Amino acid sequence: QWQLVESGGGLVQPGGSLRLSCAGSGLTLDDYSIGWFRQAPGKEREGVSCISRSGGDSPKYAESVKGRFTISRDNAMNTVYLQMNSLSSEDTAVYYCATAAFYSANRGCLGPYDHWGQGTQVTVSS
């Protein structure tokens, strides 16, 4: 049985930072490109960032987080990270990681997204 578990969320002040982790169990994360998604209350889930299997290709970022968020991976630890800096209230959401079956250097992660974590809550508030 596989698990994909996000951690590192919590309450942070505006301008602060958090590092999220996506850890695989029962599956090998370096078999997949990995995407981070988020869903704010009342809104649809949106793509945040994407990293290729090796991490060697340029990662992809949504325009809203470009320059503030950094995705990385440690395949030896079977873990993908999302470093989030300069956080604002607009970043408040549940953050999810998911496996992507394909990756395009031009387009980023491509589905199907067959494995999803349960999500971790990020709340940015003073």
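This is a predicted model: local features need pLDDT of at least 70, side-chain atom pairs count only at pLDDT 80 or more; totals for chains, interfaces and linings use all residues.
**Entry 1: the open sheet**

Before anything else I noted a rule: two strands count as paired if DSSP finds at least two bridges between them. With that in hand I looked at β1 and strand β3 (residues 18–25), which run antiparallel and are joined by 5 bridges.

Next I asked myself which strands make up the open sheet, and in what order. I found 4 strands, running β1-β3-β8-β7, with antiparallel pairing. At the edges sit β1 (3–7) and β7 (69–74), each of which pairs on one side only. I also looked up the angle between neighbours in this sheet: ignoring direction, they are turned by 15° against each other on average.

**Entry 2: strand β9**

Is strand β9 (residues 93–100) mostly buried or exposed? I counted 7 of its 8 residues as buried, so the rest of the structure largely encloses this strand. The cut-off I used for buried is under 20% relative accessible area.

I then looked for the partners of β9. Strand β4 (residues 33–39) pairs with β9 in the antiparallel sense, over 7 bridges. Within that pairing, Ile 34 has Thr 99 as its bridge partner. Strand β12 (residues 120–124) also pairs with β9 in the antiparallel sense, here over 3 bridges. There I found Tyr 95 opposite Thr 120 of β12.

**Entry 3: the disulfides**

How many disulfides does a search of the whole structure find? My search gave 2. For the record, a disulfide is a covalent bond between the sulfur atoms of two cysteines.

One of them joins Cys 22 and Cys 97, with the sulfur atoms 2.0 Å apart. Cys 22 lies in strand β3 and Cys 97 in strand β9, so this pair ties together parts that are 75 residues apart in sequence. The torsion about the S-S bond of Cys 22 and Cys 97 is about 75°, so I wrote this disulfide down as right-handed. I checked burial too, and both Cys 22 and Cys 97 are buried.

Another disulfide joins Cys 50 to Cys 109, at 1.7 Å from S to S. Cys 50 belongs to strand β5 (residues 46–51) and Cys 109 to strand β11 (residues 108–110), so the pair links distant parts of the chain, 59 residues apart. Its torsion about the S-S bond is about 90°, so this disulfide is right-handed. Cys 50 has 5% relative accessibility and so counts as buried; Cys 109, at 13%, counts as buried.

Counting bonded cysteines along the chain, I get the pattern 1-3, 2-4.

Most residues other than glycine have a negative phi, and most peptide bonds are trans. I went looking for exceptions.

Where is there a cis peptide bond? I found one joining Gly 111 and Pro 112, with omega about 5°. Pro 112 is in the loop between β11 and β12.

Asn 78 is not a glycine, yet its phi is positive, about 55°. This residue is in the loop between β7 and β8 (79–84). Asn 78 has 16% relative accessibility, so I count it as buried.

Ser 86 has a positive phi near 50° and is also a residue other than glycine. Ser 86 lies in the loop between β8 and β9. At 44% relative accessibility, Ser 86 counts as partly exposed.

Terms used: Residues are numbered from 1 along each chain as its sequence is written. Side-chain values use heavy atoms; hydrogens and water are left out. Buried means under 20% relative accessible area, exposed over 50%, partly exposed in between (1.4 Å probe, protein chains only). Helices (H or I, at least four residues) and strands (E, at least two) are DSSP runs, numbered from the N terminus. Axes are lines fitted to C-alpha atoms, for helices over the stretch in contact, and angles run from 0 to 180 degrees between N-to-C directions. A disulfide is a pair of cysteine sulfur atoms within 2.5 Å.
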